[in-house]
Amino acid sequence: MRVHQAQRTVAVVGAGAAGTLVALHLCEAAARRRARLEVVLVDPAPEVGAGTAYATRDPRHRLNVPAGNMSCYPDDAGHFLRWLVRHDNPRATAADFVPRGRFGGYLADALADAAVRARGAAVLRHVRARVTGCSWAGDRAALPLSDGSVLRADAVVLATGPLTGGGAWVPGGLRRSPGFVPDAWAPGALDGPLACDRDVLLVGTGLTAVDVALSLDRPGRTVHAVSRSGVLPRPHAVTPLPPAAPTEPLEGLPLRQLRRRVYRHVRRTVRSHGDWRPALDGLRPLTARLWGTLTAEERDEFLARDRSLWNTHRHRMAPVTAEAVARLRRARRLTVSAGRIASVRQADSITQVDSVTQVDSVAPTDVVAQTHAVAQTEPVAQADSAAQADSASPAVSATASRDRASDLCVTLDDGRVLRVGWVVDCTGPETHPARSGDPLHRGLLEAGLAAPGPLGIGYATDADGRLLGPGGDVRAPLWTLGAHRRGELWESTAIPEIRVQAARVAEVLLDRLAPAAHGAAHRRPADPMGLPLSTHAAAAAAYRTGLERVMKVRAGAERAFRRAVELDPGFALAHTALAALGHEGGAPVDVPRALADARRAVRERGDEREHALVEVVSLRIEGPAGSGDAALLRHLADHPRDVLALGLAVPTIAFSGVTDLREEAHELVERTAAAHDGHWFHTSLLAFVRQEQGDFPGARALARDALAREPASGHAVHALAHVHYECGDHEEGRRLLDSWIGGHGQGATHRAHFSWHAALHELALDDPPAVRKRWFAQLSPSRVHGIRALVDSASLLWRARLAGQWSGRMPTGDVLTAVAPETLERPGTPFTALHSVVALAAARDLCALRRLRGYADQHSDPVQREVIVPLCDAMTAVAEERWETAAEALSAVRPSLRRVGGSAAQREVVEETLLYALVSAGRCTEAHGLLRERLDRRSSPLDHRRLRALPA
């Protein structure tokens with residue numbers, strides 16, 4: 001694989017959302033390809049990420065897209081939500097509409113993290129200046145900056161965001177007035193209106209006007225908003241429905257026929273769902289293609305006839321924003337109406353009309369007409385009824401009794417007169433670069449480096465966002481995205497579209513400057529079983545260390561895999577191993593991020609086996625229920641020596657194994673024996689499979705053979721622990737585990753699980769002092785945390801209480817503090833969910849148990865819905881000591897427990913609870929039968945005692 005030594009420079013003009021996303025994806029792509037790249041963000045703003053849209057610190061300014069759709073990454077939709085949970089609100093959900101300023105902070109954090117991870121490949125700089133021009137000499141761009149310097153680059157990305165509004169509608173007298181605010185988002189633009197109580201006129205009724213109205217609201221002030229339509233954006237639904245895709249084909253239709261079909265689609269959706277929003281959301285994936293099929297005349301017609309209706313329904317207010325706006329309108333502190341400014345003059349005097357309304361001194365006949373106009377009022381429209389507009393409000397508040405000669409007297413085209421202290425331009429950005437006063441945009445057009453897009457909107461680009469010249473040809477390595485592509489795509493200003501464009505720009509730009517190396521120019525390094533790895537020697541060595549630790553169940557595997565990723569961010573299998581450890585082993589890994597990194601890396605550099613393994617792990621974590629198991633078995637049939645896949649297939653300590661196709665998995669492990677030729681790792685797993693099949697002598701022999709070859713094999717010891725427990729050899733099992741824990745097991749990554757097995761033997765031996773001693777020495781919160789505290793420590797406490805071997809306070813709550821809340825209430829696997837249910841019931845945390853039930857009930861995995869939900873109900877009855885109900889519910893759910901995975905010894909905690917519920921409900925005959933059944937399986941002094949204690 002080629003390493004690019006010559007550093008190339010990419011200038012990203014603009015450090016708002018679009019520029020930040022481009023820089024982020026460039027850093028990550030350069031790191032994956034090990035390309036030396038300098039990324040220069042050029043923007044006078046003091047910070048990156050915020051830009052105009054997200055610089056606001058007003059908490060009333062909300063995103064108009066829910067958090068679940070605002071990730072930086074097209075392939076990791078929950079990235080922003082996870083950031084919110086970690087940094088802002090642990091209870092945040094994908095449906096939340098958060099303050100816009102928080103998203104600016106997220107963008108800055110995400111870019112900083114990408115820059116850190118790209119160290120050694122990409123260098124990120126922020127130049128606080130404005131680009132004033134662009135020229136090309138040979139292969140290098142020259143960008144003159146406002147500070148007098150010149151930046152030279154190999155490629156340029158124009159990410160300046162929407163152009164500042166041109167204000168063509170503004171009368172000359174208003175433009176020169178100190179009461180006119182031409183750009184509401186310019187730093188300090190609203191300081192004047194915020195510092196006084198005078199009424200304000202907003203020209204425009206879109207999302208900008210909504211935010212400005214919320215900021216300027218105060219008692220005694222009226223904020224007037226006028227636009228040609230007089231309609232506010234519609235609100236998002238409080239409880240959104242999923243998108244509804246059109247049932248009729250839409251592409252290739254003339255505009256008039258397309259319009260009819262869209263209206264039909266909306267009406268059909270309203271009839272079936274009771275809401276129009278899913279219909280528009282279902283059109284979103286098609287919008288760019290539909291726009292692209294329209295002729296120039298049809299696009300022009302759409303802009304004249306349909307744009308306002310589309311914008312008010314497509315670009316919606318957050319529900320909390322809509323509620324706030326509705327309150328202002330009911331209080332008459334915000335009025336919205338249709339109209340245009342006809343003239344503006346400086347107010348020169350005040351005439352008192354009555355206690356409510358004042359107008360300016362004008363001709364007597366005009367006073368009568370204007371007073372009559374402003375006195376006529378209509379009921380205030382609700383925020384969700386955008387078809388109604390507010391009537392004219394009082395021209396001047398009656399509370400203003402002082403001289404206000406500095407006010408503006410604004411006459412609208414319907415004759416109404418508004419007296420206001422300020423007029424704020426909220427009409428939105430300029431869409432035509434040719435009308436921009438920015439020398440950069442003007443220079444690009446004049447030099448022929450760029451051409452206006454369709455109808456003069458934005459720039460002409462190819463499918464990847466590369467700027468085209470006047471003749472439709474590419475003139476320079478110059479790209480753009482976001483608002484500048486609106487003429488080509490129409491919908492191109494929201495984060496869900498911009499992030500896709502940013503990732504694509506980074507990919508094609510790096511393809512030009514530093515092409516990814518496909519295939520190896522030399523012999524590749526190998527994993528412990530001799531399988532080749534698509535990475536360099538140092539990263540491969542770290543990966544082998546991690547894999548060997550997984551094979552032995554030793555600590556440090558996660559650290560080794562992280563080291564492999566640091567050495568080679570484009571090493572797909574290292575990302576994949578981290579995702580698997582995080583998902584099933586509870587390692588502190590951002591699992592969706594690791595998966596997305598793995599998929600991106602393997603596309604650029606990976607062989608057939610690596611592609612298949614990434615797909616297998618992705619399906620196990622994110623795919624439909626059962627799909628991951630089937631894919632894993634197919635992968636192992638093709639690649640039997642893939643030890644990470646083999647470990648995933650067997651339900652041992654680290655992984656839950658194949659649950660839906662358990663017998664097929666066992667057969668596959670048997671069939672892969674020849675490929676491993678007696679290797680201790682395969683022999684250890686085969687021992688575990690044999691004990692699962694009930695062949696305890698065979699399992700014992702295999703485990704001892706594996707330990708003879710590798711004494712540190714945790715899997716072999718684990719298999720023996722199960723053999724001793726199921727055979728009733730409790731003294732021998734305890735001696736084996738104590739010896740191993742004190743020796744080779746000192747470095748075991750799941751040491752607590754071996755301690756749990758030893759404690760199970762002590763429970764069965766009916767030795768309460770030994771159980772308590774072991775728990776405090778090896779399983780207490782000071783020793784164990786994370787998923788092991790949940791699966792081992794908490795479950796042991798509960799079993800000890802049920803067995804009558806734990807008197808006094810049971811510190812289950814202390815154990816749960818060592819477990820992350822999302823693991824408890826949003827467990828990633830049914831196996832983890834089972835232990836969450838038990839632990840929460842033991843702690844009598846019924847509120848958390850109800851939240852877990854709700855999570856499982858909405859889960860895509862049928863095991864969560866069909867096993868965990870009824871288990872939650874059963875354990876709730878246990879916590880509330882409704883023993884008859886608990887016994888019935890536990891008896892019903894018990895036969896399906898095998899579907900959650902894990903071992904029989906682990907799932908036995910539910911059987912123990914059922915036994916306790918039966919006795920507590922007075923159903924001793926059934927309890928007697930259950931104990932006899934258990935004693936038939938294995939000897940247990942504890943069960944003999946409990947059997948003797950039952951009434952005859």
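**A walk through the predicted model**

Ser 836 is buried, its relative accessible area being 0%; buried means under 20% relative accessible area, exposed over 50%, and partly exposed in between, with a 1.4 Å probe and protein chains only. The model is predicted, so local features need pLDDT of at least 70 and side-chain atom pairs count only at pLDDT 80 or more, while totals for chains, interfaces and linings use all residues. Residues are numbered from 1 along each chain as its sequence is written, and side-chain values use heavy atoms, with hydrogens and water left out.

Ser 836 sits in helix α35, residues 830-842. Helices (H or I, at least four residues) and strands (E, at least two) are DSSP runs, numbered from the N terminus. Apart from neighbours within four places in sequence, Ser 836 is in contact with Leu 790, Thr 823, Leu 824, Pro 827 and Leu 852, where contact means heavy atoms within 4.5 Å.

Two packed helices are described by the angle between their axes and the distance between the axes. For α35 and helix α37 (residues 862-879), the angle is about 10° and the axes are 9 Å apart. Axes are lines fitted to C-alpha atoms, for helices over the stretch in contact, and angles run from 0 to 180 degrees between N-to-C directions. The two helices α35 and α37 are therefore roughly parallel to each other; angles under 35 degrees count as roughly parallel, over 145 as roughly antiparallel, 65 to 115 as roughly perpendicular and the rest as oblique. On the α35 side the contact is made by Pro 830, Ala 833, Leu 834, Val 837, Val 838 and Ala 841, and on the α37 side by Val 863, Gln 864, Ile 868, Leu 871, Cys 872, Met 875 and Ala 879. By class, this contact of α35 with α37 has 12 nonpolar residues, one polar and no charged. Here Ala, Val, Leu, Ile, Met, Phe, Trp, Tyr, Cys and Pro count as nonpolar, Asp, Glu, Lys and Arg as charged, and the others, Gly among them, as polar.

Two other helices show how buried residues can be arranged around an axis. An α-helix has 3.6 residues a turn, so residues three or four places apart point the same way. In helix α41 (residues 941-949), Leu 942, Asp 943, Arg 946 and Leu 947 are buried. These residues cover an arc of only 135° around the axis, which puts them on the same side of α41; the arc is that of the directions from the helix axis to the C-beta atoms. Turned away from that buried side, α41 carries the exposed residues Arg 948 and Ala 949. The cover over the buried residues of α41 includes α30 (751-764), α32 (787-802), α39 (904-920) and α40 (924-937).

One of these covering helices, α30, contains His 757. His 757 is buried, with a relative accessible area of 2%. Leaving aside neighbours within four places in sequence, His 757 is in contact with His 718, Ala 721, His 722 and Leu 737.

In helix α18 (residues 557-567), the buried residues are Ala 557, Ala 560, Phe 561, Ala 564 and Val 565. Seen down the axis of α18, they fall within an arc of 145°, so they line one face of the helix. They pack against α17 (537-552) and α19 (572-585), whereas the face of α18 turned away from the buried side carries the exposed residues Arg 559 and Glu 566.

Next come the strands. Strands of a sheet pair through backbone hydrogen bonds, either parallel or antiparallel. Two strands pair if DSSP finds at least two bridges between them. Strand β19 (residues 474-480) is mostly covered, with five of its seven residues buried. Strand β7 (residues 155-158) pairs with β19 in the parallel sense over three bridges, and Val 157 stands opposite Trp 479 in β19. Strand β18 (residues 466-468) is joined to β19 by two bridges and runs antiparallel to it; the bridge partner of Leu 468 in β19 is Val 474. The hairpin of β18 and β19 has five residues between the strands, and Gly 472 takes a positive phi near 80° there.

A separate description applies to the open sheet of three strands in the order β12-β15-β16, with antiparallel pairing. Its edge strands, β12 (341-346) and β16 (417-420), each pair on one side only. β12 and strand β15 (residues 408-412) pair over five bridges, and Ile 341 has Leu 412 as its bridge partner in β15.
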